[in-house]
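This note is meant for a colleague who is opening the structure for the first time. The points below may be read with the model on screen.

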Amino acid sequence: MPTLVHDPASIDFDQPGKHHYQIAFHLDGTWGYSLLPLTLIKGRRGAAESNIICFGGTHGNEYEGQIAVKRLCADLDPDVMAGRIILIPQLSESACIANSRVSPLDGVNMNRAFPGNRKGTISYRIADFVKRWVFPLGRVVIDLHSGGKEGAFPICTSFHPIPNRAQQAETARVAQLFDPPFVMIYASTMASGLLTDEAEAEGKITIGSEFGGGETAGRHGVRHAYEGMLNVLRHYRLLEGSAESIRPAGAPGPQLARADRLDHYVPCPRDGVWEPVVDLGERVNEGDLIGRLHDFSDHSSAPFEIRARRGGIVLMMHLSARPQKGQTLYVVADPVDWSELLG
Ligand SMILES: [Zn+2]
């Protein structure tokens, strides 16, 4: 069983070996705790190039990351490792238990709660713990997500545009290590308070991701998340060996695509029943039909056609058949050559 911890100051983060903890965060409304799972693994083969922090379950109803991180907690062997990794498989533990995007304890989206607040509700206090106790332990931060109930994505890793070119280039290289079909540069103006925002602002190499969606646990997404993390450990010399392909031999390299402005994220113009007519990852031209919105209050009415406002790659579509007016309906991203970032 993990060791119960009430005060993170009681953890020796420099001790070698593998150590499982549950960090107790007191509840706001009743006596009791949310028990945050955290595994510390410090290799016995000396230092690594960089130490690593990996999160799953920042959103509770996204499972590929939770499973991949839990498996890493069990599988990684400190005897053959260098450096240190911190693994947190269910960051919003209460949301994970509830199969919910946000915590049912305070209604807060953990991925909007950063940098946290030590006197705030439980999600803010957990974010504050990450900011003050966990971020100092690693230079590379990986946050494993899936689309939840809202968005359907092809398997992708992601990062924001970063002004520092060296940080941007290293981030792009690490995003490739998950061997996803797509790597997305996403808009930092869509939301604030993200875990990745905070880590990037600290100058860390920070990767977001979408490994599935629909509250499922897709085997391909779990594989990319798990084996991609092994590649990250190899890349920074925590594990020996070089990065390995995850997709079948002959698969093209990851396609880089940019959706870094708000006008890439097209809102649904009206309520309706959504019928997509393209696939995720498909290339479209400006004006191409993306899908149709049906109004069943008059079944004789023509569908409302949704046509691409720009050419590019369909990197996201609303997952359910019932988008509401204002919800993001689709994203068509601009293809980008890797040389633009990698030089
Ligand atoms: Zn998420």
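Leaving aside its neighbours within four places in sequence, with which residues is Gln-168 in contact? The first point takes up this question.

The model is a predicted one, in which local features need pLDDT of at least 70 and side-chain atom pairs count only at pLDDT 80 or more, while totals for chains, interfaces and linings use all residues. Residues are numbered from 1 along each chain as its sequence is written, and side-chain values use heavy atoms, with hydrogens and water left out.

1. **Gln-168.** Beyond the neighbours within four places in sequence, Gln-168 is in contact (heavy atoms within 4.5 Å) with Phe-159, His-160, Pro-161, Ile-162 and Leu-341. Gln-168 belongs to helix H4, residues 165–176. Helices (H or I, at least four residues) and strands (E, at least two) are DSSP runs, numbered from the N terminus. Gln-168 counts as buried because its relative accessibility is 8%; buried means under 20% relative accessible area, exposed over 50%, and partly exposed in between, with a 1.4 Å probe and protein chains only.

2. **Asp-197.** Asp-197 is found in helix H5. From Asp-197 to Pro-136 the separation is 61 residues in sequence and 15 Å in space, C-alpha to C-alpha.

3. **The zinc ion.** Which atoms coordinate the zinc ion? The donors are His-59 (ND1), Glu-62 (OE), Glu-62 (OE) and His-145 (ND1), at 2.1 to 2.4 Å. Donors are N, O and S atoms within 2.8 Å of the metal (3.2 Å for Na, K and Ca), and water is not among the atoms, so sites may look incomplete. The donor residues follow the spacing H-x2-E-x82-H in sequence. Distant parts of the chain are linked here: His-59 is in the loop between strand S4 (52–55) and helix H1 (63–75), and His-145, 86 residues apart from it, is in the loop between strand S6 (140–143) and strand S7 (151–152). His-59 is buried because its relative accessibility is 3%, and His-145 is buried with a relative accessible area of 7%.

4. **Geometry of the zinc site.** The angles among the four donor atoms run from 57 to 150 degrees, and the site is irregular. Four donors count as tetrahedral if all angles lie between 85 and 135 degrees; four count as square planar and six as octahedral if opposite donors are over 155 degrees apart and all others between 65 and 115; anything else is irregular.

5. **The largest pocket.** The largest pocket has a volume of about 750 Å³. On a 1 Å grid over the protein atoms alone, a pocket is an open set of points with protein on both sides within 12 Å along at least five of seven lines, a cavity is a set where a 1.4 Å probe fits but cannot get out, and lining residues have an atom within 4 Å of a point. Grid points are joined across faces, edges and corners, and a volume is the space filled by probe spheres set on the points. The lining has 32 residues, and Arg-101, Arg-112, Phe-153, Met-190 and Glu-210 lie nearest the centre. Strand S10 gives the most to this lining, with three residues.

6. **The second largest pocket.** The volume of the second largest pocket is about 210 Å³. His-6, Ala-24, Phe-25, His-26 and Arg-125 are the closest to its centre among the 13 lining residues. Helix H3 supplies the largest share of this lining, five residues. Among the buried residues of H3 are Arg-125, Ile-126 and Phe-129; what covers the buried residues of H3 includes S2, S3, S4 and S5.

7. **The cavity.** One cavity of 30 Å³ or more is found in a search of the whole structure. The largest cavity holds about 30 Å³ of space, and its lining consists of Asp-263, His-264, Val-266, Ala-308, Arg-309, Arg-310, Tyr-330 and Val-332.

8. **Backbone points.** A cis peptide bond, with omega about 10 degrees, joins Phe-114 and Pro-115. Glu-215, although not a glycine, has a positive phi of about 55 degrees; Glu-215 is partly exposed, with a relative accessible area of 27%.
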